[in-house]
Amino acid sequence: MTIFSKIVAGEIPCYKIAEDENFFAFLDINPVNWGHTLVIPKREEDYIFDLSDDELGGMMAFTKKVASAIKKAIPCRKVGMAVLGLEVPHAHIHLIPLQNEGDMDFRHKVENPTPEKMKEIAEKIAAGF
Ligand code: 5GP
């Protein structure tokens, strides 16, 4: 079971944004920017491009709704999307609120993302989903 499957199962806590039958969204624990969110399929698959066309299409439709909720909650010009997947072997899309290109730099991390602030942000995004 991947760490992300444990999050879906409620065995590991997370700042949840939204879920449906097949997909789940939650805040990245080590955010590049406030509102940095991960979208995953509930079904375990390591490499995103090993998902079926239908699953990938469904994931994109779900991700689009999450991005819209992020944009309503966090002041930004656009919400950027990235797929890395080098650390956790469970397909995931990073959604990151952008003011400029530098906001997509994964070497940059939010300093001291306190539980209070993470909870506040997750609730704000979740409310707009
Ligand atoms: P990647 O696999 O895309 O290179 O990086 C995995 C991402 O998942 C990282 O941005 C990391 O902060 C995030 N991450 C890893 N473990 C956890 C976790 O237990 N909870 C949450 N919310 N995010 C995690």
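Select E55 and R43: their side chains meet in a salt bridge, 2.6 Å from N to O (a salt bridge being a side-chain nitrogen of Lys or Arg within 4 Å of a carboxyl oxygen of Asp or Glu). E55 lies in helix α2 and R43 in the loop between β3 and α2, so the pair ties together parts that are twelve residues apart in sequence. Helices (H or I, at least four residues) and strands (E, at least two) are DSSP runs, numbered from the N terminus.

This is a predicted model, in which local features need pLDDT of at least 70 and side-chain atom pairs pLDDT 80 or more, while totals for chains, interfaces and linings use all residues. Residues are numbered from 1 along each chain as its sequence is written, and side-chain values use heavy atoms, without hydrogens and water.

Next, select D28, in the loop between β2 and β3. D28 is buried but has no salt bridge (buried means under 20% relative accessible area, exposed over 50%, partly exposed in between, with a 1.4 Å probe and protein chains only). K109, the nearest side chain of opposite charge, is 5.9 Å away (Lys and Arg count as positive, Asp and Glu as negative; His and the chain ends are not counted).

Finally, select I17, V39, V66 and I125, the residues with the most contacts inside the largest nonpolar core, which has 23 residues. Such a core is a set of buried Ala, Val, Leu, Ile, Met, Phe, Trp, Tyr and Cys residues joined through side-chain atoms within 4.5 Å. Helix α2 gives the most to this core, with seven residues.
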